[in-house]
Amino acid sequence: MSQQVRLSLLSLASLTLGFSTFCSPVLAANPSDPLAVAASVDRIVTENLAEEGVAPADRTSDEDFLRRVSIDLTGRIPTPAEMTRFGLDPDPRKREKKIDELMSSPDFAHNWSAYWRDVIFMRATEQRAQPLQGVFQLWLREKLENNAPWDEIVTEMLTSTGDVRENGATGLFLAHAGDATELASETSRLFLGIQIQCANCHDHPTDTWTRQQFHELAAYFPRVRVQQRPQETPPTFIVSSFDVNQSRGREVLNNPERLFRGLDQNRDGKLTDEEAKRAQRFAAVFERLLGVGDTDKDGMLSLEEFKNLPTQPQGRRQTTEYFMPNLEDPAAEGTRLDPVFFVDGDSAPRELRDVERRTELARKVTDPGNEWFAKSYVNRIWTELLGVGFYPLVDDMGPLREVRYEKALETLSEGFIASGFDTRWVFRTILNSEAYQRSLDTPSGLPSNESCELACATPVRLRAEQILASLMMLSGQTETNREITVGRGPGSRRNSPEAQFVALFGFDPSTPQEEVSGDIPQSLFMMNSPLISQLVSSRGNGPLARLLRRYDNDEDALRELYVLVLSREPSEYELTECKEFIYEVQNRNEAFEDVMWCLVNSSEFITRR
């Protein structure tokens, strides 16, 4: 269905470090009109603040708004030319139009596909998945470019099969090696905002979910298999379904002579991968059997090796059903469970095959009647854009969790549903709200020891790719179609410059902002890396060298330098201090190199204000 239908150097650096001190729903007449919903949300937030005796901060300046929205949508700071054009534009609707323009840029899809790549793969339990995460990002980037609705994207992720190099939607299964309990945990956390994995070994200690409900959710996934294909060039993994019933599964081991005779086509007493392919169901498990039974390591199974296969070479992985472990007797088979969705208590028919089970789960997860699906996405995007969420943790929601501005969350969620789960609708609505566009100024009536919540803007540390893209912009590289590297062998992706930078500066986007901080290796990179040295050099054709050739007047050059790096004019105090520093150094080029180095290494540069 189409979307239309679905609706000193240190003291000098400290000039910019002061930045770190900043600090029943009311529905719109048209619940799918982003501007109307944004206005409704603002009314709710303002009323809540008034009850607390807090007057919200004023709107932020045009320059701060453009920097903020450019980073949030495209993942990079704006160019000085973009700053100038936006500042001179007299159109009273220019902010609304700029939001639409940036969302239409290819950089929007790149930035947010990278965000979800990090959300999923930063917690991957299968480390061999890391070189292939670019495949997932390429798939999702295309989905976002085409404005695919969120329920469609999630459904493809939960129902996908095939070669992970050819179908990026398999990324979630690859990241967790098809493990049923991990997939249950991540499905709930990512798409419902509920950490039901806390009920893995016992009933949830702080919520209503039981241990049985967690394992009934895991029972949707026992037939998923992620098989490595090292013989392929390049090596890959296959996500497939293991749909044989229990009796056929036992036949592999209980009647080895009969099965062996049927597959040993050339009667040489050995089973090869090619011979195993004659029986589709057996082929699905052959590699696993080979791994545990090929004692002479010749890549084949003899009848003797076949007969001596252990009863359960992969634990419970040889069964098509799910068994909740017996905590008192881990070696026991456990209790067989059928799939049941914990939100509504509905069960899936036992006879459903693997993809049918997962399709049924996807239908329940994305059902408009499932409040947690819409709320989870809205809360996650709101948190990322405003720096503070409706819930304390972006992925720990639930009926017993503390929620702030609940009516605002419900208003946004209902609008999201009415839009047909249009992801751009969520961005358009939040970004056009006054709550998003507030300045960093501490509002009146707010106690000095409290965070401003939604009364003013909250600084947010940039993700690794946003820092890198902004550095590239400084060097003059503003092309929109950024390359996504896909590894061609184990670990190859980590050798790309982008991957190395992400490894150094990356963090799980689900981590609360107060827990995200820099470290010594990051500081050393920003101080000493060839990339930074090239950017701040006054020689050659770098950004600083071009700027100094363009401006003979130091004050003009300083103003342009601040706009280039920090997307704002310097304050009079900063301007005076920098001019005095240049005079003291008595070497214009060297002094400007030091000033730019300080700006790039400031906390303001790597923070969205």
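The structure is a predicted model, in which local features need pLDDT of at least 70 and side-chain atom pairs count only at pLDDT 80 or more, while totals for chains, interfaces and linings use all residues. Residues are numbered from 1 along each chain as its sequence is written, and side-chain values use heavy atoms, without hydrogens or water.

The mean pLDDT (the predictor's confidence in each residue, from 0 to 100) is 85 for the protein, and 86% of its residues reach 70 or more. Residues 245-254 have pLDDT below 50, and this stretch has 16 contacts (heavy atoms within 4.5 Å) beyond near neighbours in sequence. Over residues 311-316 the pLDDT stays under 50, with twelve contacts beyond four places in sequence. Where pLDDT is low, predicted coordinates should not be read in detail.

Helices are DSSP runs (H or I, at least four residues), numbered from the N terminus. Helix H20 spans residues 406-418 and helix H21 residues 423-431. Their axes (lines fitted to C-alpha atoms over the stretch in contact, with angles from 0 to 180 degrees between N-to-C directions) come within 9 Å and cross at roughly 140°. From H20, Leu412, Gly415 and Phe416 meet Thr423, Trp425, Val426, Thr429 and Ile430 of H21. The residues of this contact comprise five nonpolar, three polar (Gly counts as polar) and no charged.

The structure holds zero disulfides (pairs of cysteine sulfur atoms within 2.5 Å). For Cys578, the nearest cysteine sulfur is that of Cys598, 8.2 Å away.

Key
Helices (H or I, at least four residues) and strands (E, at least two) are DSSP runs, numbered from the N terminus.
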